[in-house]
Amino acid sequence: MPELPEVETVRRGLSKLIVGKTIASTQHDTDKSFPNADADVQNFLISATITDIHRRAKVLLIELSTGYSLMIHLKMTGQLVYVDADMRFGAGHPNDSLVNALPDRSTRVTIVFSDNSVLYFNDQRKFGWVKLLPTIEIPNIDFMQKVGPEPLEADFTPEAFAKRFARRKKTSIKAAILDQSVVAGVGNIYADESLWGAKLHPSRLVGSISSADFKALYTELRAVMNLAIEKGGSSNQNYVNAEGKKGSYMDFARVFRRDGQACSRCHTTIEKLRVAGRGTHVCPVCQII
DNA sequence: CACTTGACCTGTCCGC
DNA sequence: TGCGGACAGGTCAAGT
């Protein structure tokens, strides 16, 4: 599921809900969901207090008072849902079927706080994971060394953006913008949305793109991601925020999952194709190869 | 190196 | 109604 705007939405939600709480106990289903959950859990997770929550690319970092952090990747279908003690043991929320149903068969990791509230990590497809790592080592791990710049950072310029693509001249712009080492946090939805905004065909070769077009793509990518954060992300199926609620960006999407509908710019029917191995939505007239 | 493809999983939807 | 296949927000490890 989650791309940068969804993970950022979860981060903001969790910051309000769990910072300051103390972990009382945890459970997990398989080591795949919570690898290296060995003695470190007893020593650095149980009784730890949550001090802060960060995001880098599509990864969440829950910082603990013990000098360790929980590093979490939601991949395609991961969710982090907080349930307070009243919801668990009281009447529940009448209009909230997801939260009332937790834990369910997709629950992989359960973190119980000392006030009896809970954070559930659910993941239907089991691609996601939670890892417990020393906070100081996180900047040195492979992923953090390779991942590209945050596209919404204030000091990220269109020129810096264009330069990131220098290594990927012979591939499609869609493959390149999905590459996390080029730019952080872009996934299938916001790739298609920003390429439509910039009037670039997803199959267009990187080497053929002008600096003016890179600037347009930069502007569109930032606009689309900022709008998506404002709308709480995109929920096609699985994605929910930290309170189990869906995001509404899909109401504003211009091409993603709008194949068969009219392009809002030129009224041509939007098509779906396969680019870089991913389902790809495109206006065949506006977006020039 | 850069690039492409298949694998990892479960669930749902679509056509026969 | 059942069944097979394609597909789903993302990375990885292989292969060329």
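Modeller: Leu-60 sits in strand 3 (residues 59-64), where helices (H or I, at least four residues) and strands (E, at least two) are DSSP runs numbered from the N terminus. The model is predicted: local features need pLDDT of at least 70, side-chain atom pairs count only at pLDDT 80 or more, and totals for chains, interfaces and linings use all residues. Residues are numbered from 1 along each chain as its sequence is written, and chains are lettered from A and ligands numbered from 1 in the order in which they are written.

Colleague: Does Leu-60 count as buried or exposed?

Modeller: A residue is buried if 20 or more other C-beta atoms, placed from the backbone, lie within 10 Å of its own, exposed if 12 or fewer, and partly exposed in between. Leu-60 has 24 C-beta neighbours inside 10 Å, so the class is buried.

Colleague: Which residues does Leu-60 touch, not counting those up to four places away in sequence?

Modeller: Contact requires C-beta atoms, placed from the backbone, within 7 Å. With residues up to four places away left out, the partners of Leu-60 are Val-7, Val-10, Arg-11, Ile-53, Arg-55 and Ile-72.

Colleague: Which element gives the most to the side of domain 1 that touches domain 2?

Modeller: An automatic or database domain assignment gives domain 1 (4-146) and domain 2 (158-282) in chain A. In the contact between them, 22 residues of domain 1 meet 19 residues of domain 2. On the domain 1 side, helix 1 (4-18), strand 5 (78-83) and helix 4 (97-101) each supply at least two residues. The largest share, nine residues, comes from helix 1.

Colleague: Why are the buried residues of helix 9 on the same side?

Modeller: The buried residues of helix 9 are Phe-214, Leu-217, Tyr-218, Leu-221, Val-224, Met-225 and Ala-228. Their directions from the helix axis to the C-beta atoms cover an arc of only 145°, which puts them on the same side of helix 9. An α-helix has 3.6 residues a turn, so residues three or four places apart point the same way. The value asked for is the arc of only 145°.

Colleague: What covers the buried residues of helix 9?

Modeller: Helix 9 covers residues 211-230. The cover over its buried residues includes helix 1, helix 6 (158-163) and helix 8 (188-197).

Colleague: How many charged residues has the surface near DNA strand B?

Modeller: Near means a C-beta atom, placed from the backbone, within 6 Å of the strand. Among the residues around DNA strand B are Arg-105, Lys-126 and Arg-167. By class there are two nonpolar, three polar and, as charged residues, seven.

Methods:
Nonpolar A, V, L, I, M, F, W, Y, C, P; charged D, E, K, R; others polar. Contact = placed C-beta atoms within 7 Å. Expected span 1.5 Å × (residues − 1).
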